[in-house]
Amino acid sequence: MPQVAPVSLTAIQRPLGRELDAVLAELRRIIAAEFPIVADVNRHLLQMRGKMFRPTLLLLAARATGEVAPRDVRLAAVVELIHLATLVHDDSVDHSVLRRGQPTINALFSHQVAVIMGDYLYSRAIIELVELDDREPLRVMSRVTNEMTVGEMRELVAHDTLGYTEAEYEELIRSKTASLMAAACEIGALRGGGGAAAREALRRYGLHLGMAFQITDDVLDYTSSESVTGKPSGHDLREHKITLPLIAAVPRMDAAERRQVEELMEDPAPADDRIKQVNGVVTGRGGGEEAGEGAGKQGEAGGGGVEA
């Protein structure tokens with residue numbers, strides 16, 4: 001595969017600046033509420049929103065197959081809304097206190113408020129989809145939100161550290177993370193001129209991109225600082241999350257190293273020193289490097305599908 005020069009998300013989004021501003025305005029309109037606590041949470045959500053990656057995918061898919069219409073802007077806001085809802089619920093389930101360097105909803109308000117607000121965001125997204133009076137985006141998002149919920153359950157039961165397989169991990173991130181990126185690309189292509197073939201190609205592109213995205217994020221948790229990832233280093237180990245770097249490293253560990261991992265997972269609140277120790281074992285055994293190669297293969301698979 002030919003070498004591709006690195007490009008920043010900012011550079012990719014630059015031609016979409018006006019459309020992304022419109023998406024943000026739509027997002028504000030959709031979640032607006034008169035009830036005080038809902039309004040307070042909404043203000044905080046808009047402050048802690050991410051880089052609008054998923055809306056960008058939808059708009060790029062729309063542009064690749066035709067042109068961006070007001071309907072696409074509205075759908076891009078719905079996709080971001082679904083993403084925000086999953087983050088609110090994830091943070092509550094994980095008892096996380098920080099998201100992108102800011103307090104989470106459950107930390108700033110309460111777990112009860114976080115659960116209810118996640119439901120509120122989902123319901124607002126459904127209302128928007130129904131008002132569009134178009135079954136296809138509603139069909140896609142209904143399927144995907146169900147997949148994401150099952151993915152969350154998969155993560156909750158992923159406790160057998162040394163027996164958790166790469167195939168199980170891939171199924172988890174496919175449903176929990178990649179499915180929404182696939183949906184963004186697919187929905188963007190619904191009204192374009194490429195027909196069913198372009199829709200499927202862009203859906204598969206989004207799926208592989210989402211897989212690569214999540215694997216890379218999991219690698220960065222072992223190799224980068226909070227200033228890069230927006231969450232404390234070693235967060236996944238602290239939360240007992242089994243990700244690809246650990247899965248790749250386990251077969252290469254000796255008995256003492258495997259026991260270190262088991263002891264960390266048995267500890268409900270592992271100390272920083274223990275997390276650092278296991279982090280060192282995983283990286284030393286090449287877990288991060290092998291996982292990074294896996295992310296690269298996913299990226300190549302996605303790009304190859306679009307080229308074809």
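1. Angles between helices are taken here between N-to-C directions and run from 0 to 180 degrees, the axes being lines fitted to C-alpha atoms over the stretch in contact. The model under review is predicted.

2. Helix 4 (residues 53-65) and helix 9 (residues 166-188) have axes that come within 7 Å and cross at roughly 30°. Because angles under 35 degrees count as roughly parallel, helix 4 is roughly parallel to helix 9. Their crossing is right-handed.

3. On the side of helix 4, this contact is made by Phe 53, Arg 54, Leu 57, Leu 58, Ala 61, Ala 62 and Thr 65; helix 9 contributes Leu 180, Met 181, Ala 184, Cys 185, Ile 187 and Gly 188. By class, the residues of the contact comprise ten nonpolar, two polar and one charged.

4. The axes of helix 5 (residues 70-94) and helix 9 come within 10 Å, with a crossing angle of roughly 170°. The two helices are therefore roughly antiparallel. Leu 75, Val 79, Ile 82, His 83 and Asp 90 of helix 5 meet Lys 176, Leu 180, Ala 184 and Ile 187 of helix 9. Six of these residues are nonpolar, one is polar and two are charged.

5. The second largest pocket holds about 190 Å³ of space. Helix 9, helix 13 (244-249) and helix 16 (287-307) each give two or more residues to its lining, and helix 16 gives the most, with six. Among the lining residues are Glu 166, Tyr 169, Glu 170, Leu 244, Ala 248 and Lys 297. The lining as a whole divides into five nonpolar, two polar and five charged residues.

How values were computed:
Residues are numbered from 1 along each chain as its sequence is written. This is a predicted model: local features need pLDDT of at least 70, side-chain atom pairs count only at pLDDT 80 or more; totals for chains, interfaces and linings use all residues. Side-chain values use heavy atoms; hydrogens and water are left out. Helices (H or I, at least four residues) and strands (E, at least two) are DSSP runs, numbered from the N terminus. Angles under 35 degrees count as roughly parallel, over 145 as roughly antiparallel, 65 to 115 as roughly perpendicular and the rest as oblique. A crossing is left-handed if the near helix is turned anticlockwise from the far one by less than a right angle, and right-handed if clockwise. Contact means heavy atoms within 4.5 Å. Ala, Val, Leu, Ile, Met, Phe, Trp, Tyr, Cys and Pro count as nonpolar, Asp, Glu, Lys and Arg as charged, and the others, Gly among them, as polar. On a 1 Å grid over the protein atoms alone, a cavity is a set of points where a 1.4 Å probe fits but cannot get out, and a pocket is an open set with protein on both sides within 12 Å along at least five of seven lines; lining residues have an atom within 4 Å of a point. Grid points are joined across faces, edges and corners, and a volume is the space filled by probe spheres set on the points.
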